Amino acid sequence: MPPARRLQGVRSSPVRDLLALTLRPEVISFAGGLPAPELFDVDGWGDAFAKAVGDRRNLQYGPTEGDPVLRALIATRMTDRGVPTAENDLLITTGSQQALTLVATTMLEPGDVVAVEEPTYLAALQCFQIAGARVVPVASDDDGMVPSALAEVLERDHPTLVYVIPTFANPSGRTQPPQRRKEIARLVADHDTWLVEDDPYGELRYDGSRVPPLASYGERVLYLGSLSKIGAPGLRLGWLRAPKDLMPVAVVAKQATDLHTSTIDQAAAAVYLSNTDLDAHVAGLRAAYRARRDTMLTALPATVPPGTTWTNPEGGMFVWLRLPGEVDATDVLREALKHNVAFVPGAPFFATTPDHATFRMSFTTNPPEDITEGMRRLARAFDEFATQDSLEV
Ligand code: PMP
C-alpha cells in the first residue's frame, strides 16, 4: 500500500542509523533530549499512582477535555507563571507533541503556510509537513526569531501559524527577551494570524531573570505545555491552552484521535500536583542541570576546534554549535561514535536549507563526571578528524 500523499514529502532523518548506535551502553550520548532518569521522583509518582488506582473511577473512560482536577491545578500553575488561565481554557493532551498535532489538525488546510524560527524542533516540522503545510523559515539571531524577518514573511507568505519555542529553544537553547516577545505578539495580531508557543522547557531556568510566556503578551496565542521535563516524559502528559472559539474544534479533533488522555495517568498527576511541592522538585532539577550545563560549557573551548561558535543557554537542555568552515557534522559524528561519544547533527532542524556544520548537544542526561569524560572523548574525536585533513583547524 502506498502511503498517503501528504506523508510522501515528510523527511525521515538521514542520521537515523547513526543515532541508533548512540544507544550502545558504552556510548556517552549528548544526542537525545532526555531528562536525567536518576532525578525522576520515583517515590512521589509511586505514591500518586497507588492512590489514583485505589479509586476505580480512575480506570474508567473520562472526559475528552481531561481530568477536571488536573486542569484546575495546571490552570493555577499557568496563572502563577503570568498567564491568567481558567480550567476551561485547557485541554489535556497525550504529551505536548499531541497538542502540536491537534493544533495542526484544527488550524491548517493543505498548502497553508507555517512560519518557524530557524533552526526549530524537528518533530514540529514533521507534524506541519504531515498536515500538508508549507513551512517557511524566519531568520533568527541570539534572541530567537527576528521581528523584521517575521514582518517580511507575514507580508509575503501570509502564514496561518507562526510556531516558536521562545524559552530555551530546542535545538538552539535561545530565549526571546521581553521586548522581542512584545514585538512578535504585536506583529502576529496585526496580521490576524496565530502564534503557537511551544514551552516544554520554560520552568528550567538556571540563571538570568524570568521572562513570562509569550502567551502573556497577546491574545492570539495557542500555548503548549508539558509535564515531560519537570515531571517525567513517560507520563505523556501535556496541555493546550487555546482561546474559547478554537477550543470546541480542538476538543473534537482530540476525541477523534484518542477519546481522551489516559485517565489513570491524569488522576495520578492530579494527586501528585496536589500532594507534592513540584516547585521544590523543579528547584532540585535546576540546581543539578545548572551544574551539568556549566560542566559542558567549561569543557567546550578545549574540546571543539578553534573558530567553533555556540550558544550560552540560560536554561533548558541544549547547547547549539557551529563548526568553522564547510564541515558536515554527520562526518564528525561518525568519528565521535568510534570514540564512544555522540551528539545530533543540526541539519534536520532546518525547514529548508540545512547548515551542515551545526550540531546539538544535550547536557541534562548525563551526570557531570560522564559529561567530563564524554567531552574528553569528543576532543579526541575532533583531533582524529582534523588529522584526517577534513577539518581546517
Ligand atoms: N516541543 C518541543 C520543543 C520539544 O522539545 C518536545 C520534546 N522533546 C516536545 C514538544 C514534545 O514533548 P512532550 O510530548 O513529551 O510533551
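## A walk through the backbone and the cavities

Start with Asp192, which sits in the loop between helix 8 and strand 8 (194–198). Helices here are DSSP runs of H or I with at least four residues, strands are runs of E with at least two, and both are numbered from the N terminus. You're looking at a predicted model, in which local features need pLDDT of at least 70 and side-chain atom pairs count only at pLDDT 80 or more, while totals for chains, interfaces and linings use all residues. Residue numbers run from 1 along each chain as its sequence is written, and side-chain values use heavy atoms, with hydrogens and water left out.

Stay on Asp192 and check its backbone: phi is near 55 degrees, a positive value in a residue other than glycine. Most residues other than glycine have a negative phi, and most peptide bonds are trans. Is Asp192 buried or exposed? Asp192 is exposed, at 59% relative accessible area. (Buried is under 20%, exposed is over 50% and partly exposed is in between, using a 1.4 Å probe and protein chains only.)

Next, select Leu259, in the loop between helix 9 (247–258) and helix 10 (263–275). Leu259 isn't a glycine, yet it has a positive phi of about 65 degrees. Its relative accessibility is 41%, so Leu259 counts as partly exposed.

Now for the cis bonds. Pick Glu118 and Pro119: the peptide bond from the one to the other is cis, with omega near 0 degrees. Pro119 is in the loop between strand 3 (113–117) and helix 6 (122–130). Then jump to Asn170 and Pro171, where the peptide bond is cis too, with omega near 10 degrees. Pro171 belongs to the loop between strand 7 (161–164) and helix 8 (178–190).

Last stop: the cavities. How many of 30 Å³ or more does a search of the whole structure find? There are four. A cavity is a set of points, on a 1 Å grid over the protein atoms alone, where a 1.4 Å probe fits but cannot get out; lining residues have an atom within 4 Å of a point. Points are joined across faces, edges and corners, and a volume is the space filled by probe spheres set on them.

The largest cavity holds about 90 Å³. Select Arg81, Glu203, Ser226, Ile230 and Trp239, the closest to its centre of the 13 lining residues. Then colour helix 4 (68–80) and strand 9 (221–226), each of which supplies at least two residues of that lining. Strand 9 gives the largest share, three residues.

How values were computed: On a 1 Å grid over the protein atoms alone, a cavity is a set of points where a 1.4 Å probe fits but cannot get out, and a pocket is an open set with protein on both sides within 12 Å along at least five of seven lines; lining residues have an atom within 4 Å of a point.
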